[in-house]
Number of protein chains: 2
Amino acid sequence: MKVLLIGANGTIGKLVKQNLASRHEIIEVGKTSGQFQVDISSESSIRQLFEQVGKVDAIVVTAGDVHFGAMKEMTSDQFTLGLHSKLLGQVNITLIGQHYLNEGGSITLTSGSLSHNPTFGGTNFSTVNAAVDGFVKGAALELKQDRRINVVSPTVLEESWHIYGAAFPGLEAAPGAKVALAYQRSVEGFETGQEYRVW
Amino acid sequence: MKVLLIGANGTIGKLVKQNLASRHEIIEVGKTSGQFQVDISSESSIRQLFEQVGKVDAIVVTAGDVHFGAMKEMTSDQFTLGLHSKLLGQVNITLIGQHYLNEGGSITLTSGSLSHNPTFGGTNFSTVNAAVDGFVKGAALELKQDRRINVVSPTVLEESWHIYGAAFPGLEAAPGAKVALAYQRSVEGFETGQEYRVW
């Protein structure tokens, strides 16, 4: 399969590539790295990416910025970061990408466990992750000709625990390879509208 | 209690008012009607509202626009409608309103059952409703001094079934008075971070 991997150079993106690369052709996309570049917060940049790449069998997104900080001081602009990057970015990749997806192809988005396990400072994450999960539930009804869409909802990865772990007292990290399996399940599997929780 | 009711002239707003009015002082806010006007998609308009109204004991939001339409033709701008009105509108009311909420006061937002029961044409609803639910989970951790926040997630009301019912084959409408009870439970009750589903 021809797999468009947006966010290929991130922690999760690299693990997904490692899982998929031996069986599929991976087109690596990054903000500044990879074979192609995209700014997912820009609709025109996403449109340009698909015009360059053309038709694919799978779209995997492991990219998106979100604001972390206390709600008491949070501004609307800070909150908008997550809405326009991780949320609207993934939505726009789907809205535009659906027209570049081969029959039987799949889209795999990324949310995260803060949708259900909130933490102090994480309101933007809780909102955006839940939103992506909700979007996928709705979008799955509307993709036709066996096209599928799922979302992977990981907790903090073992590989990132030293950075983020302190914000999640009493929670367990997930091995990166296990998170990558959820992406494989979506890309190579048969289900649609699913939220694959790795937590 | 002094209750700020944003969306007082809508179908749900009127039912909430009917439930609460005999026991509380209701400040009615609408886009064009009510004692005060607000455009919830505008941060400055929300800020102006709170500067005019001052401190309150409860904030209830039953307002917010969302786009309904097939995903195949949906544009980013159409999708952004729900993000900037029903989602960011309620978020901004919370971010600004938290500083005008008396100790022990509550915020009650509105999502809806499409977060979990998607329908064709409803991707913007599924996304925005799930996002509001997620936001409330996170925000509840950060409000201090017994301040609470909950969300009411109604299905289609019996009062609106003749307009929207066709999009929900096999689902049941909820009596408006029952939906209003969920708002009462949030305003007069003791819980926080709850999603009161009326479906």
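**Entry 1. The sheet of chain B**

In which sense do strand β1 (residues 2-6) of chain B and strand β2 (residues 25-30) of chain B pair, and over how many bridges? I looked this up and found that β1(B) and β2(B) pair in the parallel sense over five bridges. The model is predicted, with local features needing pLDDT of at least 70 and side-chain atom pairs counting only at pLDDT 80 or more, while totals for chains, interfaces and linings use all residues. Residues are numbered from 1 along each chain as its sequence is written, chains are lettered from A and ligands numbered from 1 in the order in which they are written, and side-chain values use heavy atoms, with hydrogens and water left out.

I noted the terms before going on. Helices (H or I, at least four residues) and strands (E, at least two) are DSSP runs, numbered from the N terminus. Two strands pair if DSSP finds at least two bridges between them.

**Entry 2. Strand β6 of chain B**

Why is strand β6 (residues 148-154) of chain B largely enclosed by the rest of the structure? I found that seven of its seven residues are buried, so β6(B) is largely enclosed. Buried means under 20% relative accessible area, exposed over 50%, and partly exposed in between (1.4 Å probe, protein chains only). I checked both faces: R148(B), N150(B), V152(B) and P154(B) are buried on one side, and I149(B), V151(B) and S153(B) on the other.

I then recorded the neighbours of β6(B). Strand β5 (residues 101-110) of chain B pairs with β6(B) in the parallel sense over five bridges, and S106(B) stands opposite R148(B). Strand β7 (residues 195-198) of chain B runs parallel to β6(B) and is joined to it by four bridges. There, V151(B) stands opposite E195(B).

Two packed helices are described by the angle between their axes and the distance between the axes.

I looked up α1 (residues 11-20) and α6 (residues 176-188) of chain B, which pack at an angle of about 60 degrees with axes 9 Å apart. They are therefore oblique to each other; angles under 35 degrees count as roughly parallel, over 145 as roughly antiparallel, 65 to 115 as roughly perpendicular and the rest as oblique. The residues of this contact divide into ten nonpolar, three polar and one charged. Here Ala, Val, Leu, Ile, Met, Phe, Trp, Tyr, Cys and Pro count as nonpolar, Asp, Glu, Lys and Arg as charged, and the others, Gly among them, as polar.

E43(B), I46(B), R47(B) and F50(B) of α2(B) meet G89(B), N92(B), I93(B), I96(B) and G97(B) of α3(B). I listed these contact residues as four nonpolar, three polar and two charged.

**Entry 3. G193 of chain A**

I placed G193(A) in the loop between α6 (176-188) and β7 (195-198) of chain A. It is partly exposed, with a relative accessible area of 23%. Leaving out residues up to four places away in sequence, G193(A) touches V136(A), A140(A), I149(A) and N150(A). N150(A) itself lies in β6(A), with T108(A) standing opposite.

Technical notes: Axes are lines fitted to C-alpha atoms, for helices over the stretch in contact, and angles run from 0 to 180 degrees between N-to-C directions. Contact means heavy atoms within 4.5 Å.
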